[in-house]
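Work through the exercises below with the sequence and the structure at hand. Try each task before reading its solution.

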Amino acid sequence: MREVQARASTGHVVVIGAGIAGLAAAHRLLERGARVTVLEAADRVGGKLLPGEIAGARVDLGAESLLARRPEAVALAREVGLADRLQPPATATASIWTRGALRPMPKGHVMGVPGTAAALSGVLSDEGLARIEQDAELPRTEVGDDVAVGEYVAARLGREVVDRLVEPLLGGVYAGDAYRISMRSAVPQLFEAARAHTSLTEGVREIQAKAAAAQQTGPVFTGIQGGVGTLPLAVAESVRARGGEILTGTPVTELRRTPADGGWRIVSGVHVWHANAVIVAVPAQAAAALLRTDSPGAAAELGAVEYASMALVTLAYRRAEAALPEGSGFLVPPVDGRTIKAATFASQKWGWIADEDPDLLVLRTSVGRYGETEILRRDDAELVDVSRHDLRAATGLDAVPVATRVTRWDDGLPQYPVGHHARVARVREHVARLPGLAVCGAPYDGVGVPACIASAYAAVDQIHGDLRGVQELTAHPVQSLHGGAGE
């Protein structure tokens, strides 16, 4: 094996994984003066952020927006030279396709949970609205150490709120089941409100009052001209420009601590690296395999993390042949029995797509939720057909697309079931026993881009001996919101 030795004069850190978390960690490490090597199994960087094109138009084939109310993603974009390409959605108006019609997405809610019954008028039935009103009279519903979002909200406000609004919004973030997803990890604002208030709607009104008092200005979400998928490319370019090394097509097969010097030995094929510290920024199952020898406890916890698979169907039409309702798209509650779970009218949501080819209309649908394996076994042509069928039923769009693309994200989204926060705490407790080791990414503190970057920065702090960042994230995960429709 070829030995790759670190220079003794500088700390050498190997980052395993070149998704946005690994790249952000590398970027921050270089700022701290470390020598950095990033090892990525795939033939490209970026993970779930993937730029692409359809009919000559640039599009995102993965995540398409950044939560702008958190600082991490927007700040990193600016640091790597993308400040002038940050662009908010051209429209933030979305719909929900439920009870046989496209209905305006309600306002005045927190992840689908309203402060008043009136906030959901038009989406819920009269019976569903009346059930919300009972919340003020119900005795306290204990949440304990954690509780499923759907279970708690249904107990307070009725199942219709969950099935018609919470489920599609939460499912759009996690591709999961609201009746399994942890409220403490996925919607920490609601969890704290549930702890502090007997009435859930009263707690939501307090959240809304605090948000109003904070007077946050500017868009909630933002995109990047050319696609959010260009962000990891820019970060990688900056890492290389600062002297960092990024090797793609380099799967790590072994990670071992070297007790003699307190460092780490990393193996990929015939190559071996020796490092002072390692940051593991890969999905949970891959992290479990790497940590099995030196941290079997962490490996066991990570090995139990489940994932949901999904697919994105991107379609391009001639604008003269296709007409869509106004807005950025729509969400679809699973209870309505449709195949697609969301649609994004990309050319209407992102001005830069419309500007690049005004004669083209681009949209995309998403299919697949946790436990839905049958739909994802269908071939690409079938997924295009079912998407077109549902789009026709929802919007009347009956034109023939000039181009289609299906992007499959197998095991793309980690699931945060009840007790996820405790699992993350146990993982970090095990990892903390090994100096010079840290973990980061979507399996821990939130699946959104800002959450992944925040966990990366906390990991960098950890290998420098500062545990405050990981402790804060473990106690207070980053809430990942839904960016309108079709995220």
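The exercises that follow concern a predicted model.

**Exercise 1. Domains**

Task: State into which domains the protein is divided, and how far apart the C-alpha centres of domain 1 and domain 3 lie.

Solution. 
Step 1. Domain 1 is made of the segments 12–44, 230–305 and 417–475. Domain 2 covers 107–214, and domain 3 covers 307–413.
Step 2. Between the C-alpha centres of domain 1 and domain 3 the distance is 34 Å.

**Exercise 2. Aromatic pairs**

Task: Count the aromatic pairs in the structure. Then classify the pair of tryptophan 97 and phenylalanine 330, and the pair of tyrosine 174 and tyrosine 416.

Solution. 
Step 1. There are three aromatic pairs.
Step 2. Tryptophan 97 and phenylalanine 330 have ring centres 5.8 Å apart and planes at 80 degrees, an edge-to-face pair. Planes over 60 degrees apart count as edge-to-face.
Step 3. This pair joins distant parts of the chain: tryptophan 97 is in strand β8 (residues 94–98) and phenylalanine 330 in strand β19 (residues 329–331), 233 residues apart. Tryptophan 97 and phenylalanine 330 are both buried.
Step 4. The rings of tyrosine 174 and tyrosine 416 are 5.3 Å apart at their centres, and the planes make 50 degrees, so this pair is tilted. Here too distant parts of the chain are linked: tyrosine 174 belongs to helix α5 (residues 159–174), tyrosine 416 to the loop between β22 (403–414) and α15 (420–432), and 242 residues separate them.
Step 5. Tyrosine 174 is buried at 0% relative accessible area, and tyrosine 416 is buried at 1%.
Step 6. Ring pairs also gather Trp97, Phe330 and Phe345 into a cluster.

**Exercise 3. A charge over a ring**

Task: Identify the ring whose face lies under arginine 28.

Solution. 
Step 1. The ring is that of tyrosine 457, and arginine 28 lies over its face at 3.7 Å from the ring centre.

**Exercise 4. Two open sheets**

Task: Give the strand order of the sheet of five strands and of the sheet of three strands, and name the edge strands of each.

Solution. 
Step 1. Five strands form an open, parallel sheet in the order β13-β3-β2-β17-β23.
Step 2. The edges are β13 (245–247) and β23 (437–439); each has a single partner strand, so one side of each lacks a neighbour in the sheet. From one strand to the next the twist averages 15 degrees.
Step 3. Within this sheet, β2 (residues 12–16) and β17 (residues 277–280) pair in parallel over four bridges, and valine 14 stands opposite valine 278 of β17.
Step 4. The open sheet of three strands has the order β6-β12-β7, with antiparallel pairing. β6 (66–67) and β7 (86–87) are at its edges, each with a single partner strand.
Step 5. β7 pairs with β12 (residues 221–224) over two bridges in the antiparallel sense, and glutamine 87 has glycine 223 of β12 as its bridge partner.

**Exercise 5. Strand β8**

Task: Determine how many residues of β8 are buried, and which way β8 runs relative to β19 and to β9.

Solution. 
Step 1. Five of the five residues of β8 are buried.
Step 2. In a regular strand, side chains alternate between the two faces of the sheet.
Step 3. On one side of β8 are Ala94, Ile96 and Thr98, on the other Ser95 and Trp97, and both faces are covered.
Step 4. β8 and β19 run parallel and are joined by three bridges; isoleucine 96 stands opposite leucine 331 in β19.
Step 5. With β9 (residues 101–104), β8 pairs in the antiparallel sense over four bridges; there, isoleucine 96 stands opposite arginine 103.
Step 6. The hairpin of β8 and β9 has two residues between the strands, and arginine 99 takes a positive phi near 50 degrees in it.

Notes:
Residues numbered from 1 in each chain as written. Predicted model: local features only at pLDDT ≥ 70, side-chain atom pairs only at ≥ 80, totals over all residues. Heavy atoms only, no water. Phe/Tyr/Trp six-rings, centres within 6.5 Å; stacked < 30°, edge-to-face > 60°. Buried < 20%, exposed > 50% of the residue type's maximum accessible area, 1.4 Å probe, protein only. Lys NZ or Arg CZ within 6 Å of the ring centre and 35° of its normal. Domains from an automatic or database assignment. Pairing = 2+ DSSP bridges. Axes fitted to C-alpha atoms, helices over the stretch in contact; angles between N-to-C directions.
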